[in-house]
Amino acid sequence: MADKHYRALVCTHWGHWNELELQALQRPVLAPGQVRIRVRHAGIGFALSLFVAGTYQRRPPLPFTPGTEVAGEIMEVAPDVRQLRPDLRTGQRVIAALDWGALAQEAVALAHTVYALPDAVPLCAAAALPITYATSWSALQWAARLQAGESVLVHGASGGLGMAAVQIASHLGAQVIATASTEEKRSAALAHGAAHALPSDAVALPTAVKALCPAGGVQVVFDPVGGDLADASLRCMAPGGRLLAMGFASGRIPQFPANLLLVKNLGVLGFNYGRYIGWGLTDERAVHAPAVQALVGQITQAVASRAIAAPRTMHFPLPQWQQALDTTMSRRAVGKVILDF
């Protein structure tokens with residue numbers, strides 16, 4: 001590691017994502033518990049714009065490099081990591097969940113949230129797994145307690161999080177009804193495991209969903225969109241159904257009428273995967289590390305064995321970083337947007 005500098009996208013002030021700057025940074029010395037990764041691919045999610053604007057629930061210290069998901073190889077581990085995580089070694093292919101710092105040629109992660117990657121999983125798609133796929137899988141399994149044979153309504157089904165939910169719910173034995181805004185996006189959802197794909201029309205949705213569900217509606221709603229679709233979702237649910245509030249990409253946080261929840265015995269479940277990887281009010285990643293490492297292992301093995309397909313991705317080289325971010329923020333993406341280094 002003779003060259004002590006690397007390139008990274010840097011947020012120097014709170015503002016718009018297109019104000020990020022590509023800079024050369026000096027490599028930091030590793031602190032205890034840290035792992036240095038040569039980043040090959042970094043995932044881009046909608047929350048990046050909130051991080052850069054300073055409106056996310058966590059505010060990194062300025063200046064900082066945004067991005068939370070990477071795939072690459074281990075360059076170096078701190079001395080104590082050899083005892084903490086003896087399964088991690090230099091040169092190993094890994095994926096990692098970061099607090100921030102992913103949009104760079106090199107990234108530093110805490111060993112608790114670095115995960116070995118099986119050889120059968122393509123590195124170019126793997127950056128979608130440690131947070132995007134882990135979020136969808138844990139929400140469906142840990143929070144909603146999805147059972148085989150149940151019906152799941154997935155909103156935003158062509159985006160990174162929604163498409164992961166389509167694949168995972170189908171893999172877990174559920175019937176998936178997807179919503180998406182265009183025919184191309186609905187076709188992608190069908191190709192990745194959805195049984196049905198409907199337009200994102202909040203007015204027409206309840207009638208269309210109920211026509212597909214013998215129980216009078218779905219048992220689970222996976223909603224990263226919010227807004228009008230969230231309002232309509234309550235009318236799409238069977239009695240005893242569970243709605244997973246995963247985000248508000250529409251820009252409007254819904255307000256749910258308690259009387260309807262009462263009459264239909266519905267549950268609205270907020271789910272924040274960040275709690276399990278150190279993003280909560282207190283850092284709980286060490287407490288949850290065994291469960292999360294088992295979860296990510298379950299995901300990577302499912303992809304390695306082709307029980308689920310590798311994530312659908314859209315790739316952009318580093319010089320096209322603005323185009324990559326715009327594709328995500330404008331919701332044109334089909335699958336997960338990945339920046340290549």
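Is arginine 285 buried or exposed in this predicted model? Arginine 285 has a relative accessible area of 5% and is therefore buried. The legends below begin with this residue and its partners.

**Figure 1. A salt bridge joins aspartate 283 and arginine 285.** The N-to-O distance between the two side chains is 2.9 Å. Arginine 285 is buried, at 5% relative accessible area, whereas aspartate 283 counts as partly exposed, at 48% relative accessibility. Both residues belong to a network of salt bridges that also includes Arg58 and Asp99.

**Figure 2. Arginine 275 and glutamate 284 form a salt bridge.** The closest N and O atoms of this pair are 3.2 Å apart. Arginine 275 is partly exposed, with a relative accessibility of 41%. Glutamate 284 is likewise partly exposed, with a relative accessible area of 24%.

**Figure 3. A salt bridge connects glutamate 76 with arginine 36.** The closest N and O atoms lie 3.0 Å apart. Glutamate 76 is in strand S4 (residues 69-77) and arginine 36 is in strand S3 (residues 34-44), so the pair ties together parts that are 40 residues apart in sequence. Arginine 36 counts as buried because its relative accessibility is 3%, under the 20% limit. Glutamate 76, at 26% relative accessibility, counts as partly exposed. Side chains of opposite charge can pair when their charged atoms come close. The model contains 14 salt bridges.

**Figure 4. Glutamate 106 is a buried residue of strand S6.** Strand S6 spans residues 106-110, and the relative accessible area of glutamate 106 is 8%. The side chain of glutamate 106 makes a polar contact of 2.7 Å with the side chain of arginine 27. Beyond the residues up to four places away in sequence, glutamate 106 touches Tyr6, Arg27, Arg36, Ile37, Val39, Met75 and Gly101. Arg36, one of these residues, is the salt-bridge partner of glutamate 76.

**Figure 5. Arginine 89 occupies the loop between helix H2 and strand S5.** The loop lies between residues 81-84 of H2 and residues 93-97 of S5. Arginine 89 counts as exposed because its relative accessibility is 53%, over the 50% limit. The C-alpha atoms of arginine 89 and methionine 75 are 8.6 Å apart, with a separation of 14 residues in sequence. Met75 is also among the residues that glutamate 106 touches.

**Figure 6. Helix H4 is kinked and mostly covered.** Helix H4 comprises residues 129-143, and its kink of about 25° is centred on threonine 135. Of the 15 residues in H4, twelve are buried. Just after H4, arginine 145 adopts a positive phi of about 50°.

**Figure 7. Leucine 212 lies in helix H7.** Helix H7 covers residues 205-212. With a relative accessible area of 26%, leucine 212 is partly exposed. Leaving aside neighbours within four places in sequence, leucine 212 is in contact with Gln175, Ile177, His196 and Leu198. Leucine 212 and alanine 127 are 34 Å apart in space, C-alpha to C-alpha, and 85 residues apart in sequence.

Methods:
Residues numbered from 1 in each chain as written. Predicted model: local features only at pLDDT ≥ 70, side-chain atom pairs only at ≥ 80, totals over all residues. Heavy atoms only, no water. Helix = DSSP H or I, 4+ residues; strand = E, 2+ residues; numbered from the N terminus. Buried < 20%, exposed > 50% of the residue type's maximum accessible area, 1.4 Å probe, protein only. Contact = heavy atoms within 4.5 Å. Polar contact = N/O pair within 3.5 Å; in protein donor to acceptor, adjacent residues only side chain to side chain. Bend = angle between axes of the 7 residues up to and from the residue. Salt bridge = Lys/Arg side-chain N within 4 Å of Asp/Glu carboxyl O.
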